Amino acid sequence: DHSEEDEHIWLSLNNSAIITQKICEAVCSADPENAEKYKLNAEKYISELNALDAEYKTVIDSAKRKTVLFADRFPFRYLTEDYGLTYFAAFAGCSSESEASFETMAFLIDKTNELALPVILTIDGSDGSLAETVCESTGAETAVLDSCQSVSSADIAGGTSYIGIMKNNLEVLREALN
(Lines give C-alpha, C1' and ligand atoms only; values in the text may rest on other atoms or scores of the structure.)
Protein backbone atom coordinates (compact mmCIF):
# COMPACT_ATOMS: atom_id res chain seq x y z
CA ASP A 1 0.00 0.00 0.00
CA HIS A 2 1.71 3.17 -1.21
CA SER A 3 -1.05 5.64 -0.35
CA GLU A 4 0.82 7.34 2.49
CA GLU A 5 1.66 10.99 2.13
CA ASP A 6 5.29 11.55 1.22
CA GLU A 7 6.92 14.42 3.06
CA HIS A 8 10.07 14.22 0.91
CA ILE A 9 9.02 17.07 -1.37
CA TRP A 10 12.63 18.10 -2.00
CA LEU A 11 13.28 14.93 -3.99
CA SER A 12 11.38 16.50 -6.87
CA LEU A 13 13.49 18.94 -8.86
CA ASN A 14 10.27 20.73 -9.80
CA ASN A 15 9.30 21.16 -6.15
CA SER A 16 12.83 22.34 -5.35
CA ALA A 17 12.51 25.08 -7.96
CA ILE A 18 9.19 26.19 -6.43
CA ILE A 19 10.67 26.11 -2.93
CA THR A 20 13.67 28.15 -4.09
CA GLN A 21 11.37 30.78 -5.60
CA LYS A 22 9.25 30.99 -2.42
CA ILE A 23 12.32 31.29 -0.20
CA CYS A 24 13.66 34.02 -2.47
CA GLU A 25 10.40 35.94 -2.20
CA ALA A 26 10.43 35.70 1.60
CA VAL A 27 14.08 36.75 1.88
CA CYS A 28 13.56 39.64 -0.55
CA SER A 29 10.62 40.79 1.53
CA ALA A 30 12.70 40.63 4.71
CA ASP A 31 15.74 42.34 3.13
CA PRO A 32 14.55 44.49 0.21
CA GLU A 33 17.90 46.29 0.09
CA ASN A 34 19.58 43.14 -1.25
CA ALA A 35 16.59 41.77 -3.16
CA GLU A 36 18.24 42.02 -6.57
CA LYS A 37 21.17 39.84 -5.45
CA TYR A 38 18.78 37.23 -4.01
CA LYS A 39 16.71 37.20 -7.18
CA LEU A 40 19.79 36.69 -9.38
CA ASN A 41 21.03 33.85 -7.17
CA ALA A 42 17.60 32.21 -7.18
CA GLU A 43 17.31 32.52 -10.96
CA LYS A 44 20.74 30.94 -11.41
CA TYR A 45 19.90 28.07 -9.05
CA ILE A 46 16.49 27.48 -10.63
CA SER A 47 18.21 27.33 -14.03
CA GLU A 48 20.52 24.62 -12.67
CA LEU A 49 17.52 22.70 -11.31
CA ASN A 50 15.70 23.02 -14.66
CA ALA A 51 18.77 21.83 -16.57
CA LEU A 52 19.09 18.80 -14.31
CA ASP A 53 15.36 18.12 -14.69
CA ALA A 54 15.88 18.09 -18.47
CA GLU A 55 18.73 15.58 -18.02
CA TYR A 56 16.46 13.34 -15.93
CA LYS A 57 13.79 13.49 -18.63
CA THR A 58 16.28 12.60 -21.36
CA VAL A 59 17.75 9.67 -19.43
CA ILE A 60 14.38 8.28 -18.37
CA ASP A 61 12.67 8.84 -21.72
CA SER A 62 15.39 6.83 -23.45
CA ALA A 63 15.69 4.15 -20.74
CA LYS A 64 15.22 0.46 -21.48
CA ARG A 65 12.75 0.06 -18.61
CA LYS A 66 10.54 2.40 -16.58
CA THR A 67 10.30 0.46 -13.31
CA VAL A 68 12.37 0.61 -10.14
CA LEU A 69 12.21 -1.66 -7.13
CA PHE A 70 13.23 -0.57 -3.64
CA ALA A 71 14.00 -3.34 -1.18
CA ASP A 72 13.84 -0.66 1.45
CA ARG A 73 11.84 2.33 2.64
CA PHE A 74 10.56 4.56 -0.16
CA PRO A 75 10.95 8.37 0.05
CA PHE A 76 11.08 8.87 -3.75
CA ARG A 77 7.41 9.08 -4.68
CA TYR A 78 7.68 12.64 -6.03
CA LEU A 79 10.74 11.80 -8.09
CA THR A 80 9.14 8.72 -9.64
CA GLU A 81 5.90 10.60 -10.35
CA ASP A 82 7.76 13.49 -11.99
CA TYR A 83 9.24 11.14 -14.59
CA GLY A 84 6.48 8.57 -14.99
CA LEU A 85 8.36 5.71 -13.36
CA THR A 86 6.57 2.71 -11.91
CA TYR A 87 7.87 1.61 -8.54
CA PHE A 88 7.60 -1.22 -6.07
CA ALA A 89 8.88 -0.94 -2.51
CA ALA A 90 9.17 -3.04 0.62
CA PHE A 91 7.78 -0.28 2.82
CA ALA A 92 5.62 2.76 2.10
CA GLY A 93 7.37 6.10 2.60
CA CYS A 94 9.93 6.10 5.36
CA SER A 95 7.99 3.67 7.47
CA SER A 96 9.61 2.80 10.76
CA GLU A 97 9.08 -0.85 9.84
CA SER A 98 12.42 -2.52 9.40
CA GLU A 99 11.50 -6.17 9.03
CA ALA A 100 9.85 -7.30 5.84
CA SER A 101 7.27 -10.05 6.08
CA PHE A 102 7.75 -13.30 4.22
CA GLU A 103 5.02 -12.17 1.80
CA THR A 104 6.82 -8.87 1.13
CA MET A 105 10.12 -10.66 0.54
CA ALA A 106 8.49 -13.16 -1.84
CA PHE A 107 6.74 -10.33 -3.69
CA LEU A 108 10.02 -8.41 -4.17
CA ILE A 109 11.84 -11.50 -5.41
CA ASP A 110 9.01 -12.48 -7.75
CA LYS A 111 8.69 -8.92 -9.12
CA THR A 112 12.46 -8.67 -9.68
CA ASN A 113 12.43 -11.95 -11.61
CA GLU A 114 9.24 -11.15 -13.53
CA LEU A 115 10.57 -7.79 -14.72
CA ALA A 116 14.19 -8.98 -15.09
CA LEU A 117 15.39 -6.03 -13.03
CA PRO A 118 19.19 -5.91 -12.92
CA VAL A 119 19.36 -3.40 -10.04
CA ILE A 120 17.56 -3.31 -6.69
CA LEU A 121 17.55 0.05 -4.96
CA THR A 122 18.10 1.00 -1.34
CA ILE A 123 18.37 4.39 0.31
CA ASP A 124 21.24 6.10 2.06
CA GLY A 125 21.68 4.97 5.64
CA SER A 126 20.11 1.57 5.01
CA ASP A 127 21.89 -1.58 6.12
CA GLY A 128 20.89 -3.05 2.76
CA SER A 129 20.15 -6.48 4.20
CA LEU A 130 16.73 -6.77 2.57
CA ALA A 131 18.16 -5.81 -0.83
CA GLU A 132 21.02 -8.28 -0.39
CA THR A 133 18.52 -11.08 0.22
CA VAL A 134 16.56 -10.14 -2.91
CA CYS A 135 19.80 -9.98 -4.92
CA GLU A 136 20.98 -13.37 -3.65
CA SER A 137 17.71 -14.87 -4.88
CA THR A 138 17.60 -13.07 -8.23
CA GLY A 139 21.14 -12.28 -9.34
CA ALA A 140 20.44 -8.53 -9.35
CA GLU A 141 22.86 -5.96 -7.95
CA THR A 142 22.16 -3.22 -5.43
CA ALA A 143 22.52 0.52 -5.81
CA VAL A 144 21.80 3.39 -3.44
CA LEU A 145 19.67 6.46 -4.07
CA ASP A 146 20.38 9.35 -1.72
CA SER A 147 17.33 10.90 -0.06
CA CYS A 148 19.27 13.96 1.17
CA GLN A 149 18.08 13.22 4.71
CA SER A 150 21.41 12.68 6.40
CA VAL A 151 23.72 15.32 4.96
CA SER A 152 26.03 16.52 7.72
CA SER A 153 27.87 19.80 8.20
CA ALA A 154 31.06 17.95 7.36
CA ASP A 155 29.50 16.73 4.10
CA ILE A 156 28.56 20.29 3.16
CA ALA A 157 32.02 21.56 4.10
CA GLY A 158 33.41 18.82 1.84
CA GLY A 159 31.40 20.08 -1.12
CA THR A 160 28.24 17.97 -0.94
CA SER A 161 25.30 19.81 -2.46
CA TYR A 162 21.71 19.09 -3.40
CA ILE A 163 22.54 19.40 -7.10
CA GLY A 164 25.48 17.02 -6.67
CA ILE A 165 23.37 14.44 -4.83
CA MET A 166 20.63 14.63 -7.44
CA LYS A 167 23.20 14.22 -10.24
CA ASN A 168 24.53 11.11 -8.50
CA ASN A 169 20.96 9.83 -8.15
CA LEU A 170 20.49 10.33 -11.89
CA GLU A 171 23.53 8.14 -12.60
CA VAL A 172 22.14 5.43 -10.30
CA LEU A 173 18.81 5.61 -12.13
CA ARG A 174 20.57 5.47 -15.50
CA GLU A 175 22.17 2.18 -14.44
CA ALA A 176 19.02 0.76 -12.83
CA LEU A 177 16.81 1.55 -15.82
CA ASN A 178 19.22 0.23 -18.43
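A residue is called buried under 20% relative accessible area, exposed over 50%, and partly exposed in between. E171 has a relative accessible area of 41%, so this residue is partly exposed. Keep in mind that the model we are looking at is predicted.

E171 has a charged partner: R174 forms a salt bridge with E171, with 3.0 Å between the closest N and O atoms. Both residues sit in helix α7, 3 residues apart, or about one turn of the helix. R174 is partly exposed because its relative accessibility is 35%.

## Helix α7 and its surroundings

Helix α7 covers residues 162-177, 16 residues in total. From first C-alpha to last, α7 reaches 22 Å, close to the 22 Å expected at 1.5 Å a residue. Its buried residues include Y162, I163, M166, L170 and L173. Among the elements covering the buried residues of α7 are helices α1, α2 and α3, along with strands β1, β3 and β4.

With 54% relative accessibility, G159 counts as exposed. G159 is 17 residues from T142 in sequence, and their C-alpha atoms are 25 Å apart in space.

## Other salt bridges

The structure holds 6 salt bridges. One of them joins the side chains of D53 and K57, at 3.0 Å from N to O. These two residues lie in helix α2, 4 residues apart. D53 is buried at 7% relative accessibility, whereas K57 is partly exposed at 39%.

R73 and D72 form a salt bridge as well, their closest N and O atoms being 3.9 Å apart. Here R73 is partly exposed at 23% relative accessibility, while D72 is buried at 5%.

Methods:
Residues are numbered from 1 along each chain as its sequence is written. This is a predicted model: local features need pLDDT of at least 70, side-chain atom pairs count only at pLDDT 80 or more; totals for chains, interfaces and linings use all residues. Side-chain values use heavy atoms; hydrogens and water are left out. The expected span of a helix is 1.5 Å times one less than its number of residues. Buried means under 20% relative accessible area, exposed over 50%, partly exposed in between (1.4 Å probe, protein chains only). Contact means heavy atoms within 4.5 Å. A salt bridge is a side-chain nitrogen of Lys or Arg within 4 Å of a carboxyl oxygen of Asp or Glu.
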